[in-house]
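Visitor: Could you take me through how the labels in this model are assigned, setting each value against its definition?

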Amino acid sequence: MDQKLHIEPIQNWSIYKGRPLLISGPCSAETEEQVMDSARQLAKLNKVDVFRAGIWKPRTRPNAFEGVGTEGLKWLKQVKQETGLPTGTEVATQKHVYEALKFGIDVLWIGARTSANPFAVQEIADALQGVDAMVFVKNPVNPDLELWIGAIERLQAAGIKRIGAIHRGFSAYEKTTYRNQPKWQIPIELRLRIPDLPLLCDPSHIGGAREYLLEIAQEAMDLNYDGLMIESHPDPDSAWSDKSQQVTPQALEELLGRLVLRQPVSSDSNFLNVLGALRSQIDIFDDQLLDLMEQRMNVAQTIGKYKKDNNITILQNSRWEEIVKKVVAKGQDKGLSAEFIDQMFKAIHLESINHQVKVMNA
Ligand code: PEP
Ligand code: MN
């Protein structure tokens, strides 16, 4: 746990209404009409806590639409005046911060490409020194938890109290079903490291397509996330950026209606008894797994000693390939995925080699 961080729990934020926080609005502000139309429709749902719209867009390739710039901030100001919705936008430079604050933007966020760059984050933190703002940090595009935490620490050091994280997935070279890989273990680890840190999920940028939004949002809710950021647009197919992942306000409402919100804790004693019994079964199996691993490593050590006495190297590839083939097939018969078996046995093998190396060099 990173004790030095003092983060304001989401329950103390003015935008929190006692339910998962929802930030929604178009990927990009395009025109005054599009912004006002989005905002009016979203305000009517009575479920959106912050209206978002990208003003400056970090695009992968030049010549793509790079955002309307400062002019769009006037529209966001108008949104707030007319609908009462707090507004939010991405900032990537000091200039963005000053301009956004000048137009009364309530929520700022640091985008995934910017949070990967400590110089840029520090610049933004410096611009925010002494400002009473709400700032979210999207995970860096690369799966580096320390970098994500580092960005949060920089804001914290600038005196920002209301800091949150947004999980938007990680880019990969390989073509994957989702636009960005969720790698759920990274935000979960972030939660363990900074327990009070408000954590939102951005299913739009993880999924990259409308049809995945619900399943990703549901998973986030089942992992006790504090809220969601979902892109919406009055006419998604004609959006100037991220068209395939945006939904109409009406589709957003339907999605929210299908989302199952479960309680993180229960006071039902019967439920707790059954859960407790099941969990103690798990604990027993975990103990057995550890005992088995200990025994397995003891044998590996004996083999190491034997190989040493006979002057044989540790690694025998053919033997290892044979083991992997066998266990993957066996595991699949038992309903375990090939990926899981492969990863688990690679880890066991590595540990085994480490034990043998120790014996060899003893
Ligand atoms: C966005 O929210 O529109 C955006 C550009 O997000 P990200 O930084 O996650 O790519
Ligand atoms: Mn977008």
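Guide: Contact here means heavy atoms within 4.5 Å, and helices are DSSP runs (H or I, at least four residues) numbered from the N terminus. This is a predicted model, in which local features need pLDDT of at least 70, side-chain atom pairs count only at pLDDT 80 or more, and totals for chains, interfaces and linings use all residues. Residues are numbered from 1 along each chain as its sequence is written, chains are lettered from A and ligands numbered from 1 in the order in which they are written, and side-chain values use heavy atoms, with hydrogens and water left out.

Visitor: Which residues of α11 and α13 meet?

Guide: Among them are Met293, Met297 and Ala300 in α11, and Ile348, His355 and Val359 in α13.

Visitor: Why are α11 and α13 called oblique to each other?

Guide: Their axes, lines fitted to C-alpha atoms over the stretch in contact, with angles from 0 to 180 degrees between N-to-C directions, come within 8 Å and cross at roughly 45°. Angles under 35 degrees count as roughly parallel, over 145 as roughly antiparallel, 65 to 115 as roughly perpendicular and the rest as oblique, and α11 and α13 are therefore oblique.

Visitor: What makes α12 oblique to α13?

Guide: The axes of α12 (residues 317-333) and α13 (residues 338-360) come within 9 Å and cross at roughly 140°, which makes α12 oblique to α13.

Visitor: What makes the approach of lysine 138 to ligand 1 a polar contact?

Guide: A polar contact is a pair of N or O atoms within 3.5 Å, and a polar side-chain atom of lysine 138 lies 2.8 Å from an oxygen atom of ligand 1. For lysine 57 the corresponding value is 2.9 Å, and for glutamate 231 it is 3.2 Å.

Methods
Helix = DSSP H or I, 4+ residues; strand = E, 2+ residues; numbered from the N terminus. Polar contact = N/O pair within 3.5 Å; in protein donor to acceptor, adjacent residues only side chain to side chain.
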